[in-house]
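Work through the exercises below on charged side chains. Try each task before reading its solution.

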Amino acid sequence: MEEPQKILMDLAARASHILHEYFIDISQYFDKDSDIPIFERYVLKQIPISCHTTSESVLILVANNRLWDNEMLIRSVLEGTLKFLYLTVGSDEEREKKIDEYWNVLPNINKIKRSNRAEEIYKYLPDNKVQKNDMKFIGGVILTEEEIQELREKYPRKYRKELEHKWSYSEIIKELSKQDKHKFFSGMFHGYGIGSHLIHQDADAINYLIDHNQRIPERRIAKELAHGCRLISDVMTFSKLRLYAYKVLFKESIQDIHLESHIILSQDMDKYHKSFQEIEERYLKY
């Protein structure tokens with residue numbers, strides 16, 4: 001095993017323990033007594049659980065020096081974290097409405113799209129009972145014309161478009177950034193954009209990889225270590241944000257939200273960021 005991977009493996013292992021500590025703190029709110037209805041508490045806890053498991057996957061990939069694929073997972077954790085924050089802010093009435101949209105309305109709207117996609121696959125299968133039976137799980141999501149019409153009447157096209165726009169990443173960022181304490185969220189488009197390029201395998205994504213692989217060893221290794229440290233920092237920060245959101249929701253102090261182990265690891269990773277910056281300065285022309 002090469003030295004850079006050993007370093008990333010050690011850092012990821014330390015981050016995994018920190019992530020677990022944050023999750024223990026977060027999980028205390030899942031069924032905590034409050035005026036928040038049981039259904040709302042149930043929905044709210046699902047996103048932190050999902051984000052945590054994906055964050056664990058991020059650390060596994062960091063430990064194995066698979067950094068670019070991680071950008072797609074980081075995008076997922078980022079979006080989940082911000083949606084969780086979005087669901088927790090506002091009045092009781094606003095939270096109830098948003099949770100209903102997120103958990104009930106949007107999935108019902110998506111049934112129409114899912115049905116149309118499944119029908120496109122199912123109708124082109126050979127007229128063979130065995131194959132049709134093997135793919136019955138696809139056929140099972142196809143709605144009848146009556147069911148589709150019922151959904152379209154319940155959720156008119158204009159309403160569906162407006163709701164989907166409201167729940168887009170950019171609109172959630174804009175809405176959260178209206179609060180002064182969340183204004184820094186407006187800077188969370190860069191990393192999300194990189195993840196989008198990689199998900200879509202566009203030319204920008206391919207060029208990221210070409211640039212990385214063509215670097216001389218000194219630059220490539222420094223970049224890998226800094227990249228891995230940034231991914232580790234991201235998952236820890238997003239986990240802290242989810243804890244922050246719960247504390248605000250339950251009207252608790254956020255003064256001691258930082259874990260000491262998180263602070264120490266961040267300080268230890270700083271040298272890899274600084275080393276990368278110093279090395280790049282020697283090669284970049286401004």
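Arg 230 is partly exposed, at 27% relative accessibility (buried is under 20% relative accessible area, exposed over 50%, partly exposed in between, with a 1.4 Å probe and protein chains only). The model is predicted: local features need pLDDT of at least 70, side-chain atom pairs count only at pLDDT 80 or more, and totals for chains, interfaces and linings use all residues. Residues are numbered from 1 along each chain as its sequence is written, and side-chain values use heavy atoms, with hydrogens and water left out.

**Exercise 1.** Find which side chain meets Arg 230 in a salt bridge.

*Solution.* Apply the rule: a side-chain nitrogen of Lys or Arg within 4 Å of a carboxyl oxygen of Asp or Glu. Glu 71 lies in helix H3 (residues 68-88) and Arg 230 in helix H12 (residues 217-249), so the pair ties together parts 159 residues apart in sequence. Helices here are DSSP runs (H or I, at least four residues), numbered from the N terminus. Last, check burial: Glu 71 is buried, at 2%.

**Exercise 2.** Is Glu 101, the salt-bridge partner of Lys 166, buried or exposed?

*Solution.* Start with the pair: its closest N and O atoms are 2.8 Å apart. Lys 166 sits in helix H8 (residues 157-166) and Glu 101 in helix H4 (residues 92-122), 65 residues apart. Now read the accessibility. Glu 101 is buried at 4%. Lys 166 is partly exposed at 26%.

**Exercise 3.** State how many salt bridges the rule gives, and name a network.

*Solution.* The count is 21. Asp 211, Arg 215, Arg 219 and Glu 280 form a linked network.

Technical notes: Helices (H or I, at least four residues) and strands (E, at least two) are DSSP runs, numbered from the N terminus.
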